[in-house]
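Have the viewer open as you read.

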Amino acid sequence: NVYWDASGAPVTFLGMTFEQWQDKGQDQNSIIADPLFVDPEKDDFSLRPESPALKLGFEPTDPVKIGPQLPPLPAGLARPVPAAYPPPPPPPPPQPIDDGFELQRPGDKPADVQLFEENDQAVIRVTDEQAASGKHSLKFVDIAGQKVSYAPHMVYRGGFNEGVLEGSFDLRIGPGMVFYHEWRDWPAGGQYIGGPSMRIAGDGSLTVGGAAFGKVPQDKWVHFEIVCGLGEQAKGTYQLTVTWEGQGAPLVLTDLPCAPKFKAITWFGFVADGTEPGVAYLDNVKLKPRAE
């Protein structure tokens, strides 16, 4: 790949420099360089002969030859000019998430998510081994020796950009498992903007916004609920409530800081982030506008 930011800003990868990104085994044969388009301001994205992309072996394609080709017309006939296309319809409104994994079979990959797995041992699968409600949940399995710590992980695409949003889920985490959940706004081609997040270490320690808040029990279902404003109701803060059976008073954390520019959610992710073996179960994942 050839990466370049036309604004002149440095190109980063999940907050890392290119060198740090490559140290994790990513983009080993890629470069950061101006691709040298002929005239991008006039939408001419053909490459100059000295383009670094050509030196990497990229083979340009004539855009005229892309797509279906019309047959030649008989001599003397001209092809009619097509009428202007109507404007595209507006995008559909974002849909709430309500996933209990009951409609899938044990062993299935989770549906309607973006799934990242480095190998076939550290995986995310539907299971009937545990369930916070119903009969199924998702089982996250982590192993040692992976190239990246954030495998496996899965992401729902949120799409919400207005109002007050409520996200919740049930998590049963085993000893040694490192797990985190985060909301992000990840603009196309840009660096993500971090929203609400929480992380559980291998000993059950809960960290939110860089601050420690005790431990959650292991091998026991724990319910998490996050409330955060978006768009005009974004305040740069969110609320987290954590409850489990036999706990007593819920743990309620208010005015937790997130990025001031976080105003939309396009990434609603769950990540097994350890470097040692571990298991966690996830159930009843929900993301929806909060009822007034």
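A disulfide here means a pair of cysteine sulfur atoms within 2.5 Å, and a search of the whole structure turns up zero of them. Cys228 is buried, at 2% relative accessible area, and Cys258 is buried too, at 12%. (Buried is under 20% relative accessible area, exposed over 50%, partly exposed in between, with a 1.4 Å probe and protein chains only.)

Bear in mind that this is a predicted model: local features need pLDDT of at least 70, side-chain atom pairs count only at pLDDT 80 or more, and totals for chains, interfaces and linings use all residues. Residues are numbered from 1 along each chain as its sequence is written, and side-chain values use heavy atoms, leaving out hydrogens and water.

Zooming out, buried residues account for 38% of the 292 in the chain. The C-alpha atoms fill a box of roughly 85 × 45 × 40 Å along the principal axes.

Now hop over to Asp185, in strand β11, residues 179–185. (Strands are DSSP E runs of at least two residues, numbered from the N terminus.) Asp185 is buried yet has no salt bridge, and the nearest oppositely charged side chain, Arg157, is 8.7 Å away. A salt bridge would take a side-chain nitrogen of Lys or Arg within 4 Å of a carboxyl oxygen of Asp or Glu. Beyond neighbours within four places in sequence, Asp185 is in contact (heavy atoms within 4.5 Å) with Tyr192, Ile193, Phe262, Ala264 and Thr266.

Definitions and conventions. Helices (H or I, at least four residues) and strands (E, at least two) are DSSP runs, numbered from the N terminus. Lys and Arg count as positive and Asp and Glu as negative; His and the chain ends are not counted.
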